[in-house]
Amino acid sequence: MEKLPNKGCKRSLYDGFSEEINHEESTSALSNNRETMNIDDENSSIDENMNLNKHECEAKLKAFDDAFETIYGNYEVNLTQVLQIIEELKVNCIQLVNLVKTQINPAEVEKLRSELHLLENKYLNTINELQVEVTKLNLQLKQQSTFSCMIGSTFCYSLLKATQTSSAVDMVLQEDSIKNLAQLITKMLSSFIQTFNKKMPSIKTNEMKFVLHLIRIVANLSTTESGCHFLSQVNDGINIVNLVVSLVFYTPPSHGILKKAAYTTLYNVSNKFNGYSLMENNKLIQTLNNDIKLVPSKGNNNIILLSLNLLLSLTEKINKSMYTILKNEINLQEILKLTRYTETESTARKIFNNINIASEKYKDESE
């Protein structure tokens, strides 16, 4: 849009419109003076209304002028110029659309369509070939995994039998031996949990047997004071305990044999060297609470007893953070129900009392 330079005092749209209005008014006034010389009260009232309309018109024109000035600056803009630019823009858009249409060659479009079709076929063939390769690799990987688990299970079973005596445990706990063994256990448990955290495999599979033997070895290590020290005070041992805690989360009651080995390990560790501090975990306490509520049966009785024993161990020295977890996750009414049974009466009563004592202690502190 062409801009006119500002010369001296700015001339705006408002000025132009005002001149036209004044011109019309002066012409109208002269004509009226020639035609009528006597003005009565009614004409005076009409003049007043005209003055009001004039002021209202001037105000609207002033607002329009201010808005126009904000957009186009301190220059005059001819309305004809604006309309001309709009028309030019419309013509240019039409020309651009026509240009694009004329440049599309039907033959080229068909050629591109054919090339695209060939690429799609090539892509599908490549995908099919890759799927076949992936299937082969998965089969090979599964075979290797099964073979490795079978070897690992055999090795761990032998080590499990060897660590049933305290002297053998002391030999395993020698610095060089235990470091390598701890790293092996950590890698195996991590891989197992990542792979089967949604659904555990059958207890009869080589993978499950391998992990079961690993947990039992850790349980054997936890039966000695030196083993508990390693598992609760040394980083490699603490990593193993954390993985055993995680394993408990994902192990269903149907895999009771694995859960019992894990609970036994955690119970042993919790009783020595403040090992219970490694188990201040919401999900662990939640899992214990769920296992306590299992319906007693031949397969579940040991899980209920072991979960109660572990919970008792964790409630014997309750700090404030542990009390908060217990308060949120443990239903004391469920604990009281277990006092009806001979096997669980004493343990359940102690747990109930320990939590109540902690409740009084930390309630007093908060007050």
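**Figure 1. Thr224 and its surroundings in a predicted model.** Leaving aside neighbours within four places in sequence, Thr224 is in contact with Ser166, Val169 and Leu173 (contact means heavy atoms within 4.5 Å). This is a predicted model, where local features need pLDDT of at least 70 and side-chain atom pairs count only at pLDDT 80 or more, while totals for chains, interfaces and linings use all residues. Residues are numbered from 1 along each chain as its sequence is written, and side-chain values use heavy atoms, with hydrogens and water left out. Thr224 sits in the loop between α7 and α8 (225–233); helices here are DSSP runs of H or I with at least four residues, strands are runs of E with at least two, and both are numbered from the N terminus. Thr224 counts as buried because its relative accessibility is 12% (buried is under 20% relative accessible area, exposed is over 50%, and partly exposed is in between, using a 1.4 Å probe and protein chains only). The Thr224 side chain also reaches the backbone nitrogen of Gly227 at 3.0 Å. That is a polar contact, meaning a pair of N or O atoms within 3.5 Å; within protein, one must be able to donate a hydrogen and the other to accept it, and residues adjacent in sequence count only if both atoms are side-chain atoms.

**Figure 2. Helix α4 against helix α7.** How do you describe two packed helices? By the angle between their axes and the distance between the axes. Helix α4 (residues 106–162) and helix α7 (residues 206–221) pack at about 25 degrees, with axes 8 Å apart; the axes are lines fitted to C-alpha atoms, for helices over the stretch in contact, and angles run from 0 to 180 degrees between N-to-C directions. So α4 is roughly parallel to α7 (under 35 degrees is roughly parallel, over 145 roughly antiparallel, 65 to 115 roughly perpendicular and the rest oblique). On the α4 side, the contact includes Ser145, Cys149, Met150 and Tyr157, and on the α7 side it includes Asn206, Phe210, His213 and Arg216. By class, the α4 contact with α7 has nine nonpolar, seven polar and three charged residues. For these classes, Ala, Val, Leu, Ile, Met, Phe, Trp, Tyr, Cys and Pro are nonpolar, Asp, Glu, Lys and Arg are charged, and the others, Gly among them, are polar.

**Figure 3. Thr154, a residue of α4.** Thr154 lies in helix α4. Is Thr154 buried, partly exposed or exposed? At 48% relative accessibility, Thr154 counts as partly exposed. Thr154 and Phe210 are 56 residues apart in sequence, yet their C-alpha atoms are 7.9 Å apart in space.

**Figure 4. Helix α6 against helix α7.** The axes of helix α6 (residues 175–196) and α7 come within 11 Å and cross at roughly 135 degrees. That makes α6 oblique to α7. From α6, the contact is made by Ile178, Ile185, Met188, Leu189, Phe192 and Phe196, and from α7 by Glu207, Met208, Phe210, Val211, Leu214, Ile215, Val218 and Leu221. The contact of α6 with α7 divides into 13 nonpolar, no polar and one charged residues.

**Figure 5. Helix α8 meets helix α9.** α8 and α9 pack at an angle of about 80 degrees, with their axes 5 Å apart. The two helices, α8 and α9, are therefore roughly perpendicular to each other. Phe230, Leu231, Ser232 and Gln233 of α8 make the contact with Asn235, Asp236, Gly237, Ile238, Ile240 and Val241 of α9. Sorted by class, the contact of α8 with α9 has five nonpolar, four polar and one charged residues.

**Figure 6. Thr265 in helix α10.** Thr265 has its place in helix α10, and it is buried, with a relative accessible area of 1%. What does Thr265 touch, leaving aside its neighbours within four places in sequence? Thr265 is in contact with Ile215, Val218, Ala219 and Ser222. The side chain of Thr265 reaches the backbone nitrogen of Ala219 at 3.5 Å. Thr265 and Leu231 are 34 residues apart in sequence, with 9.8 Å between their C-alpha atoms.

**Figure 7. Helix α11 and its packing partners.** In helix α11 (residues 282–292), Leu284, Ile285, Thr287, Leu288, Asn289, Asp291 and Ile292 are buried. These buried residues of α11 pack against α9 (235–250), α10 (256–270), α12 (301–315), α13 (320–329) and α14 (332–337). At the start of α11, a side-chain oxygen of Asn281 comes to within 2.9 Å of the backbone nitrogen of Lys283.
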